[in-house]
Amino acid sequence: MDSTARAKVGQQADDSVLVASTRRGDQEAFAILYDRYSRLVYSVALRVVRSAAIAEDILHDIFLQLWRMPHQFDAARGNLGAWLAVIARNRGIDRIRKQKCTVDPEETVLLSPVDLSYEVERSTVVEKVREVLKAMPEAQRLAVEMAFFEGKTHVEIAAAMKEPLGTVKTRIRSALLAIRKALNE
Amino acid sequence: VTNEAQSHALHPEDLTLYAMGALDAPELARISKHVEGCAECRTEVQRINGEMALLALAASPQADPPVRLKQQLMAEVIKYADSTPTHARWNWAFAMAGVFGLVFLAVAIGEWRLIRELRAQNAQLRTSLAAQEKESEESRMFVETMKAPDAMRVSLWTTNARPQPQAHTVYSRHMACVILMANDLQPLQPGKMYQLWLMRRCCTWVCHRDWKLRVSLSRLSRRKGLRLPQELLFCRV
């Protein structure tokens with residue numbers, strides 16, 4: 001098998017196969033993972049930090065960490081794409097709060113309802129979630145975004161929106177339940 | 001889901017905020033402690049994490065990172081791989097060390113068994129050698145005694161019996177040696193000699209000149225039935 005054919009097979013390989021190869025020091029497999037998920041990680045980081053330079057740093061750090069410590073991710077921790085998205089978000093929040101990394105990637109475990117490694121499926125799911133967000137009341141979407149993308153605590157959100165704590169909690173919870181419901185339909 | 005959380009006196013909203021990291025420090029510590037010991041709540045947090053990933057994707061406008069980032073990253077990856085022993089190299093090194101260790105162990109066990117066998121053989125040989133030395137010493141003593149110049153050769157007879165000439169030979173083809181023991185041979189007339197003849201397998205008689213008996217019989221002595229001497233002859237074939 002020539003290098004072109006091997007690269008083509010690699011492009012279609014499962015994340016678990018590519019991560020396993022990366023663990024063995026396979027740079028080609030790592031590059032495929034980067035091509036597959038760098039856009040996702042960069043977009044989430046940029047959405048959180050709103051700075052291209054910081055988002056680039058986050059992207060660089062996350063993938064370098066994936067290269068150096070690929071054992072931090074295994075299939076038991078969930079879908080790689082979803083895991084990277086959450087890690088990117090958490091890193092971005094840490095930057096906003098000017099904190100060191102507070103969330104250990106090894107402690108980040110998730111149950112992903114979809115496989116994000118395929119562009120088509122990813123686009124379908126993202127579109128579905130966008131519709132849910134679009135259908136939300138403005139105050140609810142705002143509360144979710146403040147918690148999720150701005151890293152504010154529920155107390156800070158309640159103060160900013162001048163709403164009771166319980167209302168803020170319920171709005172955030174309801175937003176996620178709406179996403180869950182849309183994915184289960 | 002909410003039922004499990006409620007049964008633990010936790011509001012489901014708190015688990016959502018906990019997963020998002022949107023709780024104050026005291027609440028974060030309280031719920032974190034609970035989640036650590038509650039499998040059901042951990043599962044719920046994991047589910048929320050999965051939904052957070054989709055939320056992150058859906059709410060983030062897609063943007064492509066600069067191409068140079070990949071080049072920088074791969075350059076650093078190569079540099080890291082070249083300068084530092086990577087996990088893969090360590091794995092290889094550990095694997096090789098393991099293989100060498102097993103080989104060394106196998107060789108050591110083999111050597112140990114060989115040494116043990118050699119020691120057993122050595123002990124056996126020492127025992128055999130000691131027995132042979134003892135036997136050799138006895139043989140040497142026997143021969144030396146027989147050849148000793150002061151050896152007294154005594155034949156025992158009953159008082160009234162007349163001694164008869166006797167000759168005994170012992171021949172060993174393997175040793176290429178004949179031993180002749182003769183007693184009471186009659187003295188020969190001048191010019192006569194005793195001869196010892198051996199027969200080959202082809203049934204021809206031979207008499208080697210070296211086999212001619214050099215018999216010098218001592219004078220007979222009668223003293224209380226003791227008779228001297230015996231003659232011992234060694235012939236090398």
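**Group meeting: the interface of chains A and B**

Hi everyone, let's start with the contact, which takes 49 residues from chain B and 59 residues from chain A. Please keep in mind that this is a predicted model.

How much area is buried between the two chains? The figure is about 5100 Å², and carbon and sulfur atoms give 66% of that. On the chain B side, three leucines deserve a look: B:L54, B:L57 and B:L73 supply 12% of the area that chain B buries against chain A, more than any other three residues.

Now for the polar side of things. Between chain B and chain A there are 15 residue pairs in polar contact. As for which elements of chain B are involved, α2 (12–20), α4 (39–58), α5 (67–83) and α6 (87–147) each supply at least two residues of the side that touches chain A. The biggest giver is α4(B), with 15 residues. By residue class, the chain B side divides into 27 nonpolar, 11 polar and 11 charged residues.

On to salt bridges. If you have the model open, go to B:D64 and A:R39, whose side chains meet at 2.5 Å, N to O. This pair crosses between chains, from the loop between α4 and α5 of chain B, where B:D64 sits, to A:R39 in helix α3 (residues 27–49) of chain A. Is B:D64 buried or exposed? At 55% relative accessibility, B:D64 counts as exposed, while A:R39 is partly exposed at 30%.

Next, a pair inside chain A. The side chains of A:R141 and A:E138 form a salt bridge, again given as 2.5 Å, N to O. Both belong to helix α7 (residues 138–148) of chain A, and because they are 3 residues apart there, about one helical turn separates them. A:R141 is partly exposed at 21% relative accessibility, and A:E138 is exposed at 51%.

Conventions. Residues numbered from 1 in each chain as written. Chains lettered and ligands numbered in written order. Predicted model: local features only at pLDDT ≥ 70, side-chain atom pairs only at ≥ 80, totals over all residues. Heavy atoms only, no water. Contact = heavy atoms within 4.5 Å. Buried area = accessible area lost by both parts, 1.4 Å probe. Polar contact = N/O pair within 3.5 Å; in protein donor to acceptor, adjacent residues only side chain to side chain. Helix = DSSP H or I, 4+ residues; strand = E, 2+ residues; numbered from the N terminus. Nonpolar A, V, L, I, M, F, W, Y, C, P; charged D, E, K, R; others polar. Salt bridge = Lys/Arg side-chain N within 4 Å of Asp/Glu carboxyl O. Buried < 20%, exposed > 50% of the residue type's maximum accessible area, 1.4 Å probe, protein only.
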